[in-house]
Amino acid sequence: MKKIFLAMSISMLAVSPLFAQKKAITTDKYYISGKISGLKNEKVYLSTYNGKGFDIDSLISPDGTFTFQGEIKHPAIYNLYLVPKKESARIFVQSGKITVMASKDSISKAIVKGSKMHDDWLIHRKQMDGAHALMGKADKIFWETRQTKMPDSVAIREKASKLFRQGESYADSVCKQFISTRPTSLISPFIIYSYFTRPGSEEKAKEYFSYLAKNAQESYYGKEVKFFLDKAAKVDVGRMAPVFTMADSSGKAFNLTSLKGKYVLVDFWASWCGPCRKENPNVVKAYNQYRDKNFEIVGVSLDDKKANWMKAIDADKLTWIHVSDLKGWQNEAAKMYAVAAVPMNFLLDKNGKIIAKNLRGEDLEKKLAELVKE
């Protein structure tokens with residue numbers, strides 16, 4: 001859950017570029033009105049993330065009162081704020097009339113009425129305080145180590161990692177408890193969508209989705225989760241790996257079937273992906289150990305600029321097969337493998353069947369040791 005949890009503030013606002021469904025868009029109306037006490041002849045802003053950037057509306061309020069209205073494609077988090085933006089009121093907006101009462105000096109503590117989803121979201125946010133506290137302590141330890149130039153000892157790293165794992169466990173239990181006890185709440189599928197529609201969390205997403213009542217499963221976020229699960233099921237362990245043809249780094253067409261008879265790691269990455277670059281030394285180590293033992297790697301880059309792709313291959317000493325269509329997140333192979341985040345990899349057996357997913361660090365070497373014989 002680590003990567004999911006760290007990215008949750010973004011995933012709460014945006015639809016994944018690979019899992020966004022291509023379907024007819026229906027819209028409804030929202031009406032947000034209220035008052036910010038202490039405000040006089042100042043501009044009030046309302047914004048939401050649309051998956052690519054922010055949609056921003058604004059008005060000048062003579063006495064602190066305001067009214068915003070517009071079309072809403074699906075329930076989402078909106079931010080009500082002033083400039084300079086010291087803080088904002090985060091509102092879970094759904095269709096209908098919503099009222100907001102706040103003070104200029106403490107706008108983040110606004111009282112919101114009229115949105116059932118907002119009410120349930122506040123309950124969930126409060127329940128997550130314990131997880132935030134544990135992870136905040138872990139971050140503080142790492143930050144203080146860097147700022148004070150303390151020795152980056154194994155003991156300090158392990159202390160921070162232990163706190164982070166405790167935070168992950170706490171967050172997971174909170175999410176499960178909320179979803180299982182509030183199966184009809186439309187925030188329950190939102191929680192699954194926000195935290196569990198990422199590589200490595202497919203089983204939890206499937207379990208938690210089964211807790212949902214019919215109305216929640218058929219809601220906007222319920223459908224997004226179902227879409228994720230359907231895509232992920234196509235590349236479950238035990239399924240045959242999707243076959244693709246793509247240009248390699250020299251421009252020649254490469255077809256995955258050409259490696260039949262070998263164990264193959266299909267490794268999705270990008271030059272701009274920090275975690276990918278940090279993981280590359282582990283992949284290099286495994287490749288050097290098993291490359292002559294019927295094992296091959298196909299690196300699929302989600303880059304959109306060939307120069308950056310080539311530079312990273314050279315810098316990280318990646319000597320295996322590399323392919324890319326240079327379409328970034330619209331990479332055709334990534335779509336076939338339901339890749340919504342990188343790094344992500346799939347280990348295939350000699351017949352092209354998926355036998356493991358998302359192997360990291362020593363896990364890749366251990367798995368290969370089980371499979372590849374002298």
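A: The account below begins with the basis of the model and then turns to the sheet, the cores and the cysteines.

The model is predicted, so local features are given only at pLDDT of at least 70 and side-chain atom pairs only at pLDDT 80 or more, whereas totals for chains, interfaces and linings use all residues. Residues are numbered from 1 along each chain as its sequence is written, and side-chain values use heavy atoms, with hydrogens and water left out.

The open sheet has four strands in the order 4-1-7-8, and its pairing is mixed. Strands here are DSSP runs of E with at least two residues, helices are runs of H or I with at least four, and both are numbered from the N terminus; two strands pair if DSSP finds at least two bridges between them. Strand 4 (65-72) and strand 8 (111-113) are the edge strands, each pairing on one side only. On average, neighbouring strands of this sheet are turned by 15 degrees against each other, direction ignored; the angles are taken between N-to-C directions of lines fitted to C-alpha atoms, on a scale from 0 to 180 degrees.

Strand 1 (residues 28-37) pairs with strand 4 in the antiparallel sense over eight bridges. Within this pairing, S33 stands opposite T67 in strand 4.

The packing comes next. A nonpolar core is a set of buried Ala, Val, Leu, Ile, Met, Phe, Trp, Tyr and Cys residues joined through side-chain atoms within 4.5 Å. Buried means under 20% relative accessible area, exposed means over 50%, and partly exposed lies in between (1.4 Å probe, protein chains only). The largest such core has 50 residues, and I32, L80 and V100 have the most contacts inside it. Helix 6 (residues 187-196) supplies the largest share, seven residues. One disulfide is counted, a disulfide being a pair of cysteine sulfur atoms within 2.5 Å. This disulfide joins C273 to C276, with an S to S distance of 2.3 Å. The link of C273 and C276 is right-handed, with 80 degrees about the S-S bond. C273 counts as buried because its relative accessible area is 4%, and C276 is buried at 1%.
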